[in-house]
Every structure is written in structure tokens, then in C-alpha cells.
Amino acid sequence: MGKKLLTVNKADVNENEGIVYLLVIWLDDGTEVYKIGVTKRDIQDRVCEILTSHWTQYRIFPQCKPKRYRRTNNIYEKEAAIHKELAEYRWIPEKPFSGSTEFFTGVELAKVVEIYESILQS
């Protein structure tokens, strides 16, 4: 039995559809940071990529909990809107790693969730 090939008409693919996610990450020093990002892949693949990238820089895997992830359209605009709302809470790691430009801290998780939900529902 051969493998089935799936063909996709490029016109049917919306370049702006995917998942907007909110991760809670606890670093080894006890800092709680929030990662807001987008992916067109499975969320577990993206989370593994982020944690592996962190490992490469710091030689430790942080604890991580996907708090929200939702498939939606206009992912880049929604991600940018969330980042804008949280701009004053941006966190920059000592050693950059994949996705490390989209972290926030010093804000209550409930507020981050509220912003996420508000923007994704609009």
C-alpha cells in the first residue's frame, strides 16, 4: 500500500490563520513569565521548540503550562495587539533564545488572560 498524497490549493490556505497562544513559564530563579506567540503548527511542537531553545542557552528546562491557545484568523494582528497592551511588562532574558522577544512579567496572569480573551474575541 502506498502513501496518500494530500494536495492543497494555495488559494484555499489563509496565510493569517493559526494559533495564538499564551504560555506560563517558571524560570529556575522563580521568575514567572508569560509568552504570547503564534504558530501554524501543533501547539505541542511549538512549546517543545521554545523549551529546547531555552535549554540550549541555559542548560535547564523551565516548567511550562500552556494557559490559552486558540485557532483563529488574523493571528499576526492579534498577537501584535496583545504585545502592545503588555508593552510595559516586556521581559528580556540575559541570553536570547528562540521566541524570547515575546515574554512579559510583572503583571497578574488574570490581566494577561483578560487581554488575550478580549483581543481574540474581537
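## Overall picture

Among contacts in the protein chain between residues at least 6 apart in sequence, 68% join residues at least 24 apart. The model is predicted. The protein chain holds three helices and five strands. Along the sequence they follow the pattern β-β-α-β-α-β-β-α.

How much of the protein chain is buried? Of its 122 residues, 39% count as buried.

Strand 1 covers residues 18-26. Nine bridges join strand 1 to strand 3 in the antiparallel sense. Two positions show how these strands face each other. Val-24 stands opposite Lys-65 in strand 3. Ile-19 stands opposite Arg-71, also in strand 3.

Strand 1 also pairs with strand 2, again in the antiparallel sense, over eight bridges. Here Leu-23 has Lys-35 of strand 2 as its bridge partner. The hairpin of strand 1 and strand 2 has five residues between the strands. In this hairpin Gly-30 takes a positive phi near 95°. Strand 1 is mostly covered, with eight of its nine residues buried.

## The buried face of helix 2

Five residues of helix 2 are listed as buried: Ile-75, Lys-78, Glu-79, Ile-82 and His-83. Why do the buried residues line one face of the helix? Seen down the axis of helix 2, they fall within an arc of 135°, so they line one face. The cover over these buried residues includes strand 1, strand 2, strand 3, strand 4, strand 5 and helix 3 (109-121).

His-83 is one of the buried residues in helix 2. Its relative accessible area is 12%, and the cut-off for buried is under 20%. Leaving out residues up to four places away in sequence, His-83 touches Ile-36, Arg-90, Glu-102 and Phe-104.

## Tyr-34 in strand 2

Tyr-34 has its place in strand 2. Is Tyr-34 buried or exposed? Tyr-34 is buried, because its relative accessible area is 3% and buried means under 20%.

What does Tyr-34 touch, not counting residues up to four places away in sequence? Its contacts include Leu-22, Leu-23 and Val-24. They also include Glu-102, Phe-103, Phe-104, Val-107, Glu-108, Leu-109 and Val-112. Tyr-34 and Tyr-89 are 55 residues apart in sequence, yet their C-alpha atoms are 9.7 Å apart in space.

## Aromatic rings

A pair of aromatic rings is described by the distance of the centres and the angle of the planes. The count here is four aromatic pairs. One of them joins Trp-55 and Phe-61 and is stacked. Their centres are 5.1 Å apart, with 10° between the planes. Trp-55 is partly exposed, with a relative accessible area of 31%.

Trp-91 and Phe-103 form an edge-to-face pair, because their planes lie at 75° and over 60 degrees counts as edge-to-face. The ring centres are 5.7 Å apart. This pair links distant parts of the chain, with Trp-91 in strand 4 and Phe-103 in strand 5, twelve residues apart. Both Trp-91 and Phe-103 are buried. Ring pairs link Tyr-58, Trp-91, Phe-97 and Phe-103 into a cluster.

## Charges over rings

Lys-35 lies over the face of Phe-103, 5.9 Å from the ring centre. The charged end of Lys-95 sits over the ring of Tyr-58, at 5.4 Å from its centre.

Technical notes: Residues numbered from 1 in each chain as written. Predicted model: local features only at pLDDT ≥ 70, side-chain atom pairs only at ≥ 80, totals over all residues. Heavy atoms only, no water. Pairing = 2+ DSSP bridges. Helix = DSSP H or I, 4+ residues; strand = E, 2+ residues; numbered from the N terminus. Phe/Tyr/Trp six-rings, centres within 6.5 Å; stacked < 30°, edge-to-face > 60°. Buried < 20%, exposed > 50% of the residue type's maximum accessible area, 1.4 Å probe, protein only. Lys NZ or Arg CZ within 6 Å of the ring centre and 35° of its normal. Arc of directions from axis to C-beta. Contact = heavy atoms within 4.5 Å.
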